[in-house]
Every structure is written in structure tokens, then in C-alpha cells.
Amino acid sequence: MPAQFLFNLFIAFLWMLLQDEEELRITTFFGGFLVGIVIIFLMHRFFGTQFYLRRLYSIIKLIFIFISELATSSVLISKQILSPKLKIKPGIFTYKTELRGDWEITTLAMLLTLTPGSVVMEVNPAGDMFYIHAMDIEQSKADVLRSITKFEMAIMEVTR
């Protein structure tokens, strides 16, 4: 990935220097950078890795998934809190994850903890089982599991 980005910068500088302009302009560099993106996209299979902007797209996608899940769960939790009678049944459930590696597991745990209504209490030593506390186990367990599935898929896109 870094080799592709450095090669893209090289193409942009070369593009800027080969233009017959009296002074160096950032717009010329940006145009060369875009030309470099096209060239590297066409040649990325020769690098032996995936195209480097795919990971950036996956990171942005993960951020948008988190924002949408945050908004959805905030609305559900607000409805529960603002109801006249608090009818919740908190509980703990386990979830076996497919994620591997410290970064992936930590990211999923943090995303779940930041989402209202659920808290990751513990991760087992092997790193494949989460113990999750849900504010209302009957109503929000399905929503939390749906969120976990979305987060897992997006994290795997970023890291693999």
C-alpha cells in the first residue's frame, strides 16, 4: 500500500515538473495526482496488493455505518428513557466473533461500547467471545446483534 501511494506522489511530481508552466501550482500537482490514481488503478495487480484507495473507501464506509447505528440506537434508547414507565430488562449475552487480531477485536469492542444501549463488559482471553451488557435484553438484543454483524463486515473490509 505505501509503495502505491509513493508511486502516485512520484507521478504527480513528475506531471507537475513536465508541465510547461512558469511557476509550480497545486492544481497541476492535483491533476497529476488524479492521473497517477488512474495509472495505479490500471497497474495495481502488478503490485501484488489491492488498490490503496479501496482501504480509504472502507474506512469511510465504517465511519458512516457507525454514525447511522449511533443515531438509530440513540433514538431507541431515548424512547425507552422518555417513556412514562421504565419497562426494561437489562441482561448479559455472549457473542462469538469471527474477527482476529488485537486491532479488529478492540475496534469492535469500542464501536459497541460507544453505541448507546450496549456495553462490552469483557473479551475472553482467546479473543473470540464478547460478553455484552444490553440495556433491554428482550428488545435491543436483536438490534445489537444486527449492529455487530454490520460492524464486523466493515472492519474485515478495512483490515483484510
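**Exercise 1. Find where helices H4 and H5 meet, and describe their crossing.**

Step 1: Start with the ground rules. This is a predicted model, where local features need pLDDT of at least 70, side-chain atom pairs count only at pLDDT 80 or more, and totals for chains, interfaces and linings use all residues. Residues are numbered from 1 along each chain as its sequence is written, and side-chain values use heavy atoms, with hydrogens and water left out.

Step 2: Locate H4 at residues 102–114 and H5 at residues 137–159; helices (H or I, at least four residues) are DSSP runs numbered from the N terminus.

Step 3: Compare the axes, which come within 10 Å and cross at roughly 145 degrees. Axes are lines fitted to C-alpha atoms over the stretch in contact, and angles run from 0 to 180 degrees between N-to-C directions.

Step 4: Assign the hand: this crossing is right-handed (the near helix is turned clockwise from the far one by less than a right angle).

Step 5: List partners in contact (heavy atoms within 4.5 Å). On H4 they include Trp 103 and Leu 111, and on H5 they include Ile 148 and Phe 151. Sorted by class, the contact has eight nonpolar, two polar and two charged residues (Ala, Val, Leu, Ile, Met, Phe, Trp, Tyr, Cys and Pro are nonpolar; Asp, Glu, Lys and Arg are charged; the others, Gly among them, are polar).

**Exercise 2. Work out how H3 is oriented against H5.**

Step 1: Take H3, residues 52–82, whose axis lies 8 Å from that of H5 at an angle of about 170 degrees.

Step 2: The two helices are therefore roughly antiparallel (angles over 145 degrees).

Step 3: Check the contact: Phe 66 and Leu 76 are among the H3 residues, and Phe 151 and Ile 155 among those of H5. Its residues divide into nine nonpolar, six polar and seven charged.

**Exercise 3. Characterise the largest pocket.**

Step 1: Read off its volume, about 190 Å³.

Step 2: Inspect the 17 lining residues; Ser 73, Leu 76, Pro 116, Ser 140 and Asp 143 lie nearest the centre. H3 and H5 each supply at least two residues of this lining.

Step 3: Count classes: five nonpolar, nine polar and three charged.

A pocket here is an open set of points on a 1 Å grid over the protein atoms alone, where a 1.4 Å probe fits, with protein on both sides within 12 Å along at least five of seven lines; lining residues have an atom within 4 Å of a point. Volume is the space filled by probe spheres set on the points.

How values were computed: Parallel < 35°, antiparallel > 145°, perpendicular 65-115°, else oblique.
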